[in-house]
Amino acid sequence: MNQLEMKKLAAKAGLQYVKADTIVGVGSGSTVNCFIEALGAMKDQIKGAVAASKTSEELLKQQGIEVFSANEVLGLDIYVDGADEINPQKMMIKGGGAALTREKIVAALAKKFICIVDESKQVDVLGSTFPLPVEVIPMARSQVGRKLVVLGGAPEYREGVVTDNGNVILDVHNFAILNPVEMEKELNNIAGVVTNGIFALRGADVVIIGTPEGAKIIE
Ligand code: 5RP
């Protein structure tokens, strides 16, 4: 079974958490694209969705699903999103698709975060396989980069990428994130950082892992 097939398995299993007559929070990325496609079959049972990226918004509309802005809803029952890495405590690194800030905003609206991943995303220590994305205000790029170096990271400017919010991304290599909650707070305190890709203060509640043996659910 290839990686896309495992993503599809996890995405489809995510549908069981969608309740009738609710607005669903939807993240972004290739696993979420599979979820959006599957959600299309349930479009008449839900009120709509709040999307964490312009790409997801477009795909939801193509499925005939009404898209609400985050400002239009008081809260969401669930938020469904992928991850670049996930540890046994259900903390994640996200932002491979540069949508981390909006993902954190929409996730914060939801009662339950459902993380859908293929089995390759599981790690013991965050930062082991994937550089940590940090969204930065463009004028602060160099100074934030220097601060990240002092903290032991090796930041790399993601050339040619501008986020949906008009900012840039620094991908930080060499960070072994042993205390994700403290690191998330510390990085957010650097002037010029909009968001960092550690999702530990608000981790996932349910993890659905696509494996060759089927979708494994950890609650
Ligand atoms: C985008 C994200 C994605 O959830 C993450 O990159 C996983 O992507 P994929 O489902 O394509 O593996 O955080 O900012």
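**A tour from the core to the sheets**

Begin by selecting Val-18, Val-26, Phe-35, Leu-39, Leu-60, Ile-116 and Ile-208, which touch the most other members of the 26-residue largest nonpolar core; such a core is a set of buried Ala, Val, Leu, Ile, Met, Phe, Trp, Tyr and Cys residues joined through side-chain atoms within 4.5 Å, where buried means under 20% relative accessible area, exposed over 50%, and partly exposed in between (1.4 Å probe, protein chains only). The elements giving two or more residues to this core are α1 (3-14), β1 (23-26), α2 (30-39), β2 (48-51), β4 (76-81), β7 (110-118) and β13 (206-211), and the largest share, six residues, comes from α2. Helices (H or I, at least four residues) and strands (E, at least two) are DSSP runs, numbered from the N terminus.

The model is predicted, with pLDDT of at least 70 needed for local features and 80 or more for side-chain atom pairs, while totals for chains, interfaces and linings use all residues. Residues are numbered from 1 along each chain as its sequence is written, and side-chain values use heavy atoms, with hydrogens and water left out.

Next, centre the view on Val-26. Not counting residues up to four places away in sequence, Val-26 touches Val-32, Phe-35, Ile-36, Leu-39, Ala-49, Val-50, Ala-51, Ala-52, Leu-60, Tyr-79 and Val-80, contact being heavy atoms within 4.5 Å.

Now show the strands. Val-26 stands opposite Val-80 in β4, and β1 and β4 pair in the parallel sense over two bridges; two strands count as paired if DSSP finds at least two bridges between them. The open sheet of seven strands has the order β3-β2-β1-β4-β7-β13-β14, with mixed pairing, and its edge strands, β3 (67-68) and β14 (214-218), each pair on one side only.

Strand β6 (residues 92-93) is joined to β12 by two bridges, the two running antiparallel, and the bridge partner of Ile-93 in β12 is Ile-198.

Finish by selecting Val-194, which lies in strand β11 (residues 193-196). Val-194 counts as partly exposed because its relative accessibility is 32%.
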